[in-house]
Every structure is written in structure tokens, then in C-alpha cells.
Amino acid sequence: MAGKESAEELKKEIESLKKEIENLKKKTAEESEGKMLSKETVVEILDETENLIKKTFSILEGTIVGAIEGMKKNLK
């Protein structure tokens with residue numbers, strides 16, 4: 001059962017990331033429509049992008065480590 005729970009949790013985290021990415025895309029499009037972005041806005045967008053990337057890699061790392069631990073446990 002732990003595998004199903006982990007898969008469901010992973011799906012929820014991925015959906016959350018998708019929503020955050022969509023929100024960032026909308027925000028960027030709204031602010032850049034027909035004009036140059038200010039330095040502050042660009043920095044803010046880059047910070048948000050960096051945070052999304054960090055979250056994504058954290059989720060991937062947790063998934064991979066969990067899979068490896070599960071395989072090791074099954075081999076014992």
C-alpha cells in the first residue's frame with residue numbers, strides 16, 4: 001500500500017508544480033504584454049523559476065531515493 005500512497009502523493013506534488021508553473025507563465029505574460037519588464041520583475045520571475053526548479057529536483061530526488069530504498073528492502 002505504501003507504493004500507492006507514494007504515487008498519489010507524487011501526483012499531487014506534480015499537479016501543484018504544474019499549477020505554479022502556469023501561474024508564473026500567466027504572470028509573466030500579463031506583465032510583459034507590449035512592454036519591457038523592469039529589472040525587479042525579471043529578478044522576481046527568475047527567483048520564482050529557481051524555486052520551482054528546486055522543488056522539482058527535490059521531488060525527483062525523493063522519488064529516486066525512495067525507489068532505491070524500496071529495491072534494497074525487497075532484496076533483504
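Mentor: We shall treat the fold, the core, the salt bridges and the surface in turn. This is a predicted model, in which local features need pLDDT of at least 70 and side-chain atom pairs count only at pLDDT 80 or more, while totals for chains, interfaces and linings use all residues. Residues are numbered from 1 along each chain as its sequence is written, and side-chain values use heavy atoms, with hydrogens and water left out.

Trainee: How many helices and strands does the protein have?

Mentor: Helices (H or I, at least four residues) and strands (E, at least two) are DSSP runs, numbered from the N terminus. The protein has two helices and zero strands.

Trainee: What radius of gyration does the protein have, and what would a compact globule of 76 residues have?

Mentor: The radius of gyration is taken over C-alpha atoms, and the globule rule is 2.2 Å times the number of residues to the power 0.38. For a compact globule of 76 residues the radius would be near 11 Å, but the protein has 18 Å. The C-alpha trace spans about 60 × 20 × 10 Å along its principal axes.

Trainee: What percentage of the residues count as buried?

Mentor: Buried means under 20% relative accessible area, exposed over 50%, and partly exposed in between (1.4 Å probe, protein chains only). Of the 76 residues, 8% count as buried.

Trainee: Which residues make up the largest nonpolar core?

Mentor: In soluble globular proteins, nonpolar side chains tend to be buried together. A nonpolar core is a set of buried Ala, Val, Leu, Ile, Met, Phe, Trp, Tyr and Cys residues joined through side-chain atoms within 4.5 Å. Here the largest such core has five residues: Leu17, Leu24, Ile45, Leu52 and Ile59. Two or more residues are given to this core by α1 (2–32) and by α2 (39–75), and the largest share, three residues, comes from α2.

Trainee: With which residues is Leu24 in contact, leaving aside its neighbours within four places in sequence?

Mentor: Contact means heavy atoms within 4.5 Å. Leu24 is found in helix α1 and is buried, with a relative accessible area of 9%. Leaving aside neighbours within four places in sequence, Leu24 is in contact with Ile45, Glu48, Thr49 and Leu52. By way of contrast in position, Leu24 and Ser58 lie 34 residues apart in sequence and 19 Å apart in space, C-alpha to C-alpha.

Trainee: How many salt bridges does the structure hold?

Mentor: Side chains of opposite charge can pair when their charged atoms come close. A salt bridge is a side-chain nitrogen of Lys or Arg within 4 Å of a carboxyl oxygen of Asp or Glu. The structure holds seven salt bridges.

Trainee: Where do Glu20 and Lys55 lie?

Mentor: The side chains of Glu20 and Lys55 meet in a salt bridge, at 2.8 Å from N to O. Glu20 lies in helix α1 and Lys55 in helix α2, so the pair ties together parts that are 35 residues apart in sequence. Glu20 is partly exposed at 26% relative accessible area, and Lys55 is partly exposed at 38%.

Trainee: How far apart are the closest N and O atoms of Lys18 and Glu15?

Mentor: Those atoms are 3.4 Å apart in the salt bridge between Lys18 and Glu15. The two residues are three residues apart in helix α1, which means a separation of about one helical turn. Lys18 is partly exposed at 46% relative accessibility, as is Glu15 at 39%. Glu22 and Lys25 also form a salt bridge, with closest N and O atoms 3.1 Å apart, and these residues too are three residues apart in helix α1.

Trainee: Which residues make the nonpolar surface patch of about 600 Å²?

Mentor: Patches are made of residues with over 30% relative accessible area and no salt bridge; like charges are joined within 9 Å, and nonpolar side chains (Val, Leu, Ile, Met, Phe, Trp, Tyr) within 5 Å. Accessible areas come from the Shrake-Rupley method with a 1.4 Å probe, and for residues only the protein chains shown count as cover. The patch is made by Ile53, Phe57, Leu60, Ile64, Ile68 and Met71. Among them, Ile64 is found in helix α2 and is exposed, with a relative accessible area of 52%.
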